[in-house]
Amino acid sequence: MTDLSRLVDDPAAWAPIHKLAGTLDKALPGIFAADYAECLDAARRRLRETMGSFTEEQGG
């Protein structure tokens, strides 16, 4: 990370950006995993199942 105090003196203003950067640092390596395609397909199936039950509950 660069020295952000040159831009804004208040460290609290940068806290959300640091949190997001940390989250991305943890999550991005997953896309390079050998089983990423399978994990993505499984997540899509779970989303479809969840959204299917949601639309049924909404009458759609």
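Buried means under 20% relative accessible area, exposed over 50%, and partly exposed in between (1.4 Å probe, protein chains only). The model is predicted: local features need pLDDT of at least 70, side-chain atom pairs count only at pLDDT 80 or more, and totals for chains, interfaces and linings use all residues. Residues are numbered from 1 along each chain as its sequence is written, and side-chain values use heavy atoms, with hydrogens and water left out.

**Exercise 1. State how many helices and strands the protein has, and describe H1.**

Step 1. Helices (H or I, at least four residues) and strands (E, at least two) are DSSP runs, numbered from the N terminus. The protein has two helices and zero strands.

Step 2. H1 has 17 residues and spans 24 Å from its first C-alpha to its last. That is close to the expected 24 Å at 1.5 Å a residue, where the expected span is 1.5 Å times one less than the number of residues.

Step 3. At the start of H1, a side-chain oxygen of aspartate 10 comes to within 3.0 Å of the backbone nitrogen of alanine 12.

**Exercise 2. Locate the salt bridge and classify the exposure of its two residues.**

Step 1. A salt bridge is a side-chain nitrogen of Lys or Arg within 4 Å of a carboxyl oxygen of Asp or Glu. The structure holds one.

Step 2. It joins the side chains of aspartate 41 and arginine 44, at 3.9 Å from N to O. Both residues lie in helix H2, three residues apart, about one turn of the helix.

Step 3. Aspartate 41 counts as partly exposed because its relative accessibility is 36%. Arginine 44 is partly exposed too, at 42%.

Methods
A polar contact is a pair of N or O atoms within 3.5 Å; within protein, one must be able to donate a hydrogen and the other to accept it, and residues adjacent in sequence count only if both atoms are side-chain atoms.
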